[in-house]
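Hi,

Here is the structure I said I would pass on. Have a look at it first, and my notes on what turned up follow below.

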Amino acid sequence: MEGAELIIQEINREAEQKIQYILKQAQEEAEKIKAEARKRAEARADWILRKAKTQAEIERQRIVANARLEVRKKRLQVQEELIQEVITALRERLAELPDEEYFPMLVDLAVQAVGELGSESVVVRSNERTLKLLSERADEFRKALGERLGREIEVSLGEPVGTIGGLVVETPDGAVRVNNTFEARIERFEGELRAEIAKALFG
């Protein structure tokens, strides 16, 4: 029996050793797997963090760009409103010019228009106030035109037109005309006018 017990003990001892070895191997493998899993988790966490930072930066840039665009649009809107206010004020000022300022301006506008037409005889049209002023100072008007153009010009006053001021000058048959009303001139030179106003207002 002693021999059999010894064999059993030896078997048990070997089995125990094997069990301990397998457990140790399993433990080492488990640690290895856990370490690799940790590395993978850390790498994924780093990747997620980097991705989040990139997305946050993209979003920040988008918000800043949108904010800048909005500010620019608001600034342009305000500038446009101010320019329109100045043009409206200019129209009002031109409509209310005192005669002593207005009459020389009418001479200038007529000289420029008659020079373009190249006619010796013209019809001048404008609003009722302007036609009345030209009628009252007809001789002075004709004389000023003749002196400026170096030749005598026959001037007739035509029917009133809807305008805040200035002149429409045309040939007697109405075939050719130069529109030198204030509205037409503001429209013709609006680009330059707006640039000048913007420069004066905003530098």
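Which residue lies over the face of F103? That is R137, at 4.0 Å from the ring centre. Keep in mind that this is a predicted model.

Searching the whole structure gives two aromatic pairs. One of them is Y102 with F182, a tilted pair with 6.0 Å centre to centre and 50° between the planes. This pair links distant parts of the chain: Y102 belongs to helix α2 (residues 99-117) and F182 to helix α5 (residues 182-188), with the two 80 residues apart. Y102 and F182 are both buried.

In the pair of F103 and F141, the ring centres are 6.2 Å apart and the planes sit at 65°, so this one is edge-to-face; the cut-off for that label is over 60 degrees. Here too distant parts of the chain are linked, with F103 in helix α2 and F141 in helix α4 (residues 138-149), 38 residues apart. F103 has a relative accessible area of 4%, so it is buried. F141 is buried as well, at 2%.

One more residue for your list is Q77, which is in helix α1 (residues 2-95). Its relative accessibility is 41%, so Q77 counts as partly exposed, since that class lies between 20% and 50%. Q77 and R62 are 15 residues apart in sequence, and their C-alpha atoms are 22 Å apart in space.

Cheers

Terms used:
Residues numbered from 1 in each chain as written. Predicted model: local features only at pLDDT ≥ 70, side-chain atom pairs only at ≥ 80, totals over all residues. Heavy atoms only, no water. Phe/Tyr/Trp six-rings, centres within 6.5 Å; stacked < 30°, edge-to-face > 60°. Helix = DSSP H or I, 4+ residues; strand = E, 2+ residues; numbered from the N terminus. Buried < 20%, exposed > 50% of the residue type's maximum accessible area, 1.4 Å probe, protein only. Lys NZ or Arg CZ within 6 Å of the ring centre and 35° of its normal.
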